[in-house]
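Q: I would like to learn how to read a few features of a protein model. Could you take me through them one at a time?

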Amino acid sequence: TQYYVLSGLLVYCGLSLTSAVYVTFLLKNGLSLMEANLVNAAFFLTLFLCEIPTGAFADIFGRKTSFVVACFLYALGKYIYGLSSTMSFFIMAEVIIAVAYTFQNGAFQAWFVDSMKHHGYEGSFTAIFGRLSLICQICSALGAITGSYLYAIDSTLPWFAGAMMLIVLMVVAYLI
């Protein structure tokens, strides 16, 4: 249950809360479509460059630590996004979020599997991950809708709300 809740919250506040308003936010802050795509390209370039080093971090310092670092970096990136109004700051925020993604990618699932095996679980993980996929899809839809409503109030609210919720998620992950 904890894994489902943490995963759902990560998808909801880490990814989906800003997904529906991402490009609109960049355009509202004066970026052209070309510049918005360059900001997005920074994300994917960072993913490519950081996947292996952050995987090694998880192997050395632990999967839980990697996930906690990911939550902190996600929150920092979201916060910087909310404060930003220039392409260079959007790229900086995007790079931080991409690094967060690489810290979380694989480490979170491995932390769960290791924990289950540590407690004697010997069954298949197929049903667990299938249910997880459904939960994440629901949280993704809810996050996109919530983020759109927050954006209608103030364009920075999805970013700041996501950052605050990610800090809470980081503390919860650290404590369990």
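A: Gladly; let us begin with the nonpolar core. A nonpolar core is a set of buried Ala, Val, Leu, Ile, Met, Phe, Trp, Tyr and Cys residues joined through side-chain atoms within 4.5 Å. Here the largest nonpolar core has 48 residues, and Leu26, Val39, Phe67, Tyr81, Phe90 and Leu169 have the most contacts inside it. Two or more residues come from each of helix H1 (2-19), helix H2 (22-28), helix H3 (33-61), H4, helix H5 (87-104), H6, helix H7 (126-153) and helix H8 (157-175). Helices are DSSP runs (H or I, at least four residues), numbered from the N terminus.

Q: Which element gives the most to this core?

A: That is H4, with 9 residues.

Q: What should I keep in mind about the source of these values?

A: This is a predicted model, in which local features need pLDDT of at least 70 and side-chain atom pairs count only at pLDDT 80 or more, while totals for chains, interfaces and linings use all residues. Residues are numbered from 1 along each chain as its sequence is written, and side-chain values use heavy atoms, with hydrogens and water left out.

Q: With which residues is leucine 169 in contact, leaving aside its neighbours within four places in sequence?

A: Contact means heavy atoms within 4.5 Å. With those neighbours set aside, leucine 169 touches Leu6, Leu9, Leu10, Phe67 and Cys71.

Q: Is alanine 98 buried or exposed?

A: Buried means under 20% relative accessible area, exposed over 50%, and partly exposed in between (1.4 Å probe, protein chains only). Alanine 98 has a relative accessible area of 0%, so it is buried. This residue sits in helix H5. Leaving aside neighbours within four places in sequence, alanine 98 is in contact with Phe43, Thr46 and Leu47.

Q: How many salt bridges does the structure hold?

A: A salt bridge is a side-chain nitrogen of Lys or Arg within 4 Å of a carboxyl oxygen of Asp or Glu. The structure holds 2 of them. In one, arginine 63 pairs with aspartate 59 (3.8 Å, N to O). Aspartate 59 is exposed, at 57% relative accessibility, whereas arginine 63 is partly exposed, at 27%. Aspartate 114 also meets arginine 63 in a salt bridge (3.1 Å, N to O). That pair links distant parts of the chain, with aspartate 114 in helix H6 (residues 107-118) and arginine 63 in helix H4 (residues 63-83), 51 residues apart. Aspartate 114 is partly exposed, with a relative accessible area of 38%. Together, Asp59, Arg63 and Asp114 are linked in a network of salt bridges.
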